[in-house]
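Please open the model in your viewer, with the sequence panel beside it, and follow the selections below in order. Each stop names what to select and then says what is there.

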Amino acid sequence: MAAALADLGEAAKVAALENLGDSDRAFRIATSWLEGGRACGRHRAVGFVGGAIGVDGTPRVRPRKGSDALSDKSGIEWTDATWNPVTGCSKVSPGCAHCYAETLSLRFGWSARPWLPANAAMNVVLHPERLDQPTRWRRPRRVFVNSMSDLFHELVPDSFVFEVFDRMAKADWHSFQVLTKRPERMASALRAYYARRSARAPLPNVWLGTSIENDRWAGRADALRKTPATIRFVSAEPLLGPLPSLDLREIDWLIVGGESGNAARPMGAGWALDLRDRALSTGTAFFFKQWGGRTPKAGGRLLDGRTWDEMPSVLLHREVEAQVLGRPIDSVPSDLVRENLGKRKPRRWIGVPVEA
Ligand code: SF4
């Protein structure tokens, strides 16, 4: 089998392995192909395979058996696994130009047409059979939801979004990370969701984030602030310009990264350093993912001579410090929080560390 596979192209290998039921190897081949240099930043890993394409003008539902929508081999630095109850999307802003998920889907035949708004009805697919997958994964981990789509795409109905959130509530030993370029829709959907629940507090194991690539879209953080959430984060990746208008108040975590791929748009060092400094001043956990370049690792991960891998567990430490000091959380200086990082174990639900 190995010799026969060696003679095939990547897409054929993936298809052949899927037919043999070997989703793990299919996944590894797909991701290694992508490691060749096509990442858009948001999508560094995949966890689904596709099938027939249909057109009916409504979101499509594709039943499928198996565990291929959930991968515990994510290449994304800040997560452990991916879960894709929805696949396919359409582009909304310049950060989508080299969408990794689109590249992968077209390359391997999971989408028939480019991810343009006109093709959304063909490309956006609901996978209800994948909804329960995280509940079968017993070891706690951070799960990136919809690495191959945007959960808040306009063709994903509220009822399906609610189903996804119900599963995240049920699988409360995991931490789920939901990232969208449609935070206004997320805000309205989540307000409706929590209005229906008896317990209206935001799910403690769900982190909600939005992508902001240049200052034109800095207002997405305002919509995020209006969304009920325990942890809010901004992904400034691919960072395509400075973000002077970005307001980091109530933002718990900031991820910054450059674009990678053959057509990567370079990130200015000053843009990243400015965001790092503002995150430090507001006590926002700061994660520098990579400089980018032809491959994701081309430029390395050092910013100002060191790596930045902070996670929002800093907030838990801040809570602990506030309790110890008997002071309101906001009055605890961030340098005190940082000094004490690692001295106390975070609560399990935050998912850091993820190993049980
Ligand atoms: S919103 Fe995300 S998934 Fe959708 S096209 Fe843009 S980068 Fe790709």
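Select strand S9 (residues 231-236) with its side chains shown: Ile231, Phe233 and Ser235 point one way from S9, Arg232, Val234 and Ala236 point the other way, and all are buried. A residue counts as buried if 20 or more other C-beta atoms lie within 10 Å of its own, as exposed if 12 or fewer do, and as partly exposed in between, with C-beta atoms placed from the backbone. Strand S9 is thus mostly covered, six of its six residues being buried. The element names used here stand for DSSP runs, numbered from the N terminus, where helices are H or I runs of at least four residues and strands are E runs of at least two. This is a predicted model, in which local features need pLDDT of at least 70, side-chain atom pairs count only at pLDDT 80 or more, and totals for chains, interfaces and linings use all residues. Residues are numbered from 1 along each chain as its sequence is written.

Strand S8 (residues 206-211) pairs with S9 in the parallel sense over five bridges, and the bridge partner of Gly209 in S9 is Phe233; two strands pair if DSSP finds at least two bridges between them. S9 also pairs with S10 in the parallel sense, here over four bridges, and Phe233 stands opposite Trp253 in S10.

Next, select Thr230, which lies in the loop between H8 and S9. Is Thr230 buried or partly exposed? It has 18 C-beta neighbours inside 10 Å and so counts as partly exposed. Not counting residues up to four places away in sequence, Thr230 touches Pro202, Leu203, Pro204 and Val206, a contact being a pair of C-beta atoms, placed from the backbone, that lie within 7 Å. The C-alpha atoms of Thr230 and Pro202, which are 28 residues apart along the chain, are separated by 5.9 Å.

Continue to strand S10 (residues 253-257), which five bridges join to S11 in a parallel run; the bridge partner of Trp253 in S11 is Ala285. Six of the six residues of strand S11 (residues 285-290) are buried, so S11 is largely enclosed by the rest of the structure. S10, helix H9 (residues 269-282) and S11 make a right-handed β-α-β unit. Within helix H9, pick Thr282, which is partly exposed, with 16 other C-beta atoms within 10 Å. Thr282 touches Leu248 and Arg249, not counting residues up to four places away in sequence, and its C-alpha atom is separated by 7.0 Å from that of Leu248, 34 residues apart along the chain.

Now move to strand S6 (residues 142-145), where Arg142 and Phe144 point one way, Val143 and Val145 point the other way, and all are buried. Strand S3 (residues 81-83) pairs with S6 in the parallel sense over three bridges, with Ala81 opposite Val143. Four bridges join S6 to strand S7 (residues 175-180), also in a parallel run, and the bridge partner of Phe144 in S7 is Gln177. S6, helix H6 (residues 158-170) and S7 make a right-handed β-α-β unit.

Then show the ligand: of the 13 residues around it, Cys89, Cys96, Cys99, Asp150 and Lys181 come nearest, where a residue is near if its C-beta atom, placed from the backbone, lies within 6 Å.

Finally, colour the chain by pLDDT, the predictor's confidence in each residue from 0 to 100. The mean pLDDT of the chain is 77, and 65% of its residues reach 70 or more. Confidence is lowest in helix H1 (residues 2-6), at a mean of 39, and highest in helix H8 (residues 220-225), at 98. Over residues 1-8 the pLDDT is below 50, and this stretch has four contacts in the model beyond near neighbours in sequence.

Methods:
Two residues are in contact if their C-beta atoms, placed from the backbone, lie within 7 Å. A crossover is right-handed if, with the strands pointing away from the viewer, the path from the first strand over the helix to the second runs clockwise.
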